[in-house]
Amino acid sequence: EACAAGQDGLQSGGEPGALHALLGMLRARQNDLSRALQHLREAHRMRPQDPSVAINLASALAQEGLYEEALAVASSDLAALDRRFRLWRLRGFAAQSLERFDEAAAAYRTVIEAEPGDWESWNNLGNACSALGQTDQAIAALRRAVELEPAAAPSRINLARALVDAGAQSDAEEVLRQAAADFPNDPVPLQELHALARESGRDEDALAYLTAAVE
């Protein structure tokens, strides 16, 4: 009904920028991304300095895998106008998806400077640093993510992988064993432990971890 009212408003000569923005947001909530993008692109054309429109457009573009366009929409200049740093997060995600890890890391650092308690941005920064080969920075960021949100299993896995990259296999195993204990229904820590044990020639341990993961 809201979409129908918005369409009526457009046909009746209502303010098009606001109505396209509204319709784009509504269509995105319906997961009708094709029509959402039509409206949001038009709204962004009419309101290029509106962060809210840019957020909705960049988010829909990222959901469709259109990361280049999403990154262009979530420009650093426009992101600077968003006081909630949602555009910086979207910029980081789009850049990371394009394997432009320097840009991704810069975006996540901007978020963290303003919101140091954002564990997801710490986790994403750690992954970007890992991809850049900045192992020490990756480990520090991922440790912070785990400290802030110990209930997030993926951050533990990312930390363990960064420790492996740094040659700290024993530390990685400790992280994974704790993760396996804390998340008994998650097979991923056990799978990672299996891989580490196998690589180090500990076949009996590797088999035990794999059996536990299967169970």
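1. A search of the whole structure finds 1 aromatic pair. Rings of Phe, Tyr and Trp (its six-membered ring) pair if their centres lie within 6.5 Å; planes under 30 degrees apart count as stacked, over 60 as edge-to-face and the rest as tilted. Here the partners are Tyr 67 and Phe 93, edge-to-face, with 5.9 Å centre to centre and 75° between the planes. The pair links distant parts of the chain, 26 residues apart: Tyr 67 belongs to helix H5 (residues 67–73) and Phe 93 to helix H7 (residues 86–97).

2. Before you read on, a word about the source. This is a predicted model, in which local features need pLDDT of at least 70 and side-chain atom pairs count only at pLDDT 80 or more, while totals for chains, interfaces and linings use all residues. Residues are numbered from 1 along each chain as its sequence is written, and side-chain values use heavy atoms, with hydrogens and water left out.

3. Buried means under 20% relative accessible area, exposed over 50%, and partly exposed in between, with a 1.4 Å probe and protein chains only.

4. Now the chain as a whole. Along its principal axes, the C-alpha trace spans about 75 × 35 × 25 Å.

5. Of the 215 residues, 43% count as buried. Among contacts (heavy atoms within 4.5 Å) between residues at least 6 apart in sequence, 43% join residues at least 24 apart.

6. Helix H13 (residues 188–199) is worth a visit, and Leu 190 lies in it. Leu 190 counts as buried at 14% relative accessibility. Leaving aside residues up to four places away in sequence, Leu 190 touches Ala 180, Tyr 209, Ala 212 and Ala 213. By contrast, the C-alpha atoms of Leu 190 and Gly 92 are separated by 30 Å, and these residues are 98 apart along the chain.

7. Which residues does Glu 192 touch, not counting residues up to four places away in sequence? They are Ile 157, Arg 161 and Leu 176. Glu 192 lies in helix H13 as well, and it counts as buried at 19% relative accessibility.

8. Finally, please look at two loop residues. Asn 31 has a positive phi of about 65° although it is not a glycine. Asn 31 sits in the loop between helix H2 (16–29) and helix H3 (33–46), and at 56% relative accessibility it counts as exposed. Glu 99, not a glycine either, has a positive phi of about 60°. The loop that holds Glu 99 runs between H7 and helix H8 (101–114), and Glu 99 is exposed, with a relative accessible area of 61%.

How values were computed: Helices (H or I, at least four residues) and strands (E, at least two) are DSSP runs, numbered from the N terminus.
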